[in-house]
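Biologist: I am new to this model and would like to get to know one part of it well. Please pick a single region, take a close look at it and tell me what you find there.

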Amino acid sequence: MVVSDTPSQLTRRQRECMTLVAEGQTAKEIARALGISHRTVEQHIATAIETLGASNRLGAVARFVDLEQAEQSRNNSADERAAFMLQSPSSPSESELLEESDAAADKTSEAVERWPFLPPIGGSRNAAPRKVRLGWVVRIGILALMLTCILILSIFGLVELAP
């Protein structure tokens, strides 16, 4: 077993699969995105797990993300030195990008504060723990049952009022 010190020792498909696994996608979702069989995706992931020297998928994702970040920081520092003088003034600064992401986070937190008993709608993949998601499902079910009862009682009331 060869343990990889860089993500470049993985094939292009293995890197694609591991990137999508790190985003939380299942093998079937990855297969649909890449246009290949889910069994092929599972094989790429299994080979990547072995190459990265991990014992399971979670360990491989953690190692892959660490190696990607290390490689990216090496590449970025070299690119920053080479491109410092070529940077256009119209490109947004890091502080502007952070302000935009903070504004987007504030919008999402406002939605959560407005309806704390229901899950947030839209946005990124739901990373809430299973227990919290189950609580949301129960609350939504109770809300749907209450609305159904109100509707049925309203219909009965209208029937009683009709001559």
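This is a predicted model: local features need pLDDT of at least 70, side-chain atom pairs count only at pLDDT 80 or more; totals for chains, interfaces and linings use all residues.

Modeller: Cysteine 149 is partly exposed, with a relative accessible area of 41%, whereas cysteine 17 is buried, at 0% relative accessibility. Here buried stands for under 20% relative accessible area, exposed for over 50% and partly exposed for what lies in between, with a 1.4 Å probe and protein chains only. There are zero disulfides in the structure (a disulfide being a pair of cysteine sulfur atoms within 2.5 Å).

Residues are numbered from 1 along each chain as its sequence is written, and side-chain values rest on heavy atoms, leaving out hydrogens and water.

Now for the setting. The protein has six helices and zero strands, and its elements run α-α-α-α-α-α from the N terminus on. Helices (H or I, at least four residues) and strands (E, at least two) are DSSP runs, numbered from the N terminus. Of the 163 residues in the protein, 15% are buried. Among contacts (heavy atoms within 4.5 Å) between residues at least 6 apart in sequence, 55% join residues at least 24 apart.

Let us start with helix 1, which covers residues 12-22. The axes of helix 1 and helix 3 come within 9 Å and cross at roughly 95°, which makes the two helices roughly perpendicular. Axes are lines fitted to C-alpha atoms over the stretch in contact, with angles from 0 to 180 degrees between N-to-C directions; under 35 degrees is roughly parallel, over 145 roughly antiparallel, 65 to 115 roughly perpendicular and the rest oblique.

Glutamine 14, in helix 1, counts as buried at 7% relative accessibility. Its side chain reaches the backbone nitrogen of threonine 11 at 3.0 Å. Leaving aside residues up to four places away in sequence, glutamine 14 touches His44, Thr47 and Ala48. Histidine 44, for its part, sits in helix 3 and is buried, with 19% relative accessibility.

The segment before helix 1 holds glutamine 9, which is partly exposed at 47% relative accessibility. Although glutamine 9 and alanine 48 are 39 residues apart along the chain, their C-alpha atoms are separated by 9.3 Å.

Helix 3 has another partner to meet. Helix 2 (residues 27-34) and helix 3 (residues 38-52) have axes that come within 8 Å and cross at roughly 110°, so this pair, too, is roughly perpendicular. On the helix 2 side you will find Ala27, Lys28, Ile30 and Ala31, and on the helix 3 side His38, Val41, Glu42 and Ile45. This contact has five nonpolar, one polar and two charged residues.

To finish, look at the loop between helix 1 and helix 2, where threonine 26 has its place. Threonine 26 is partly exposed, with a relative accessible area of 39%. From C-alpha to C-alpha, threonine 26 and histidine 38 are 9.0 Å apart in space, and they are twelve residues apart in sequence.

How values were computed. Ala, Val, Leu, Ile, Met, Phe, Trp, Tyr, Cys and Pro count as nonpolar, Asp, Glu, Lys and Arg as charged, and the others, Gly among them, as polar. A polar contact is a pair of N or O atoms within 3.5 Å; within protein, one must be able to donate a hydrogen and the other to accept it, and residues adjacent in sequence count only if both atoms are side-chain atoms.
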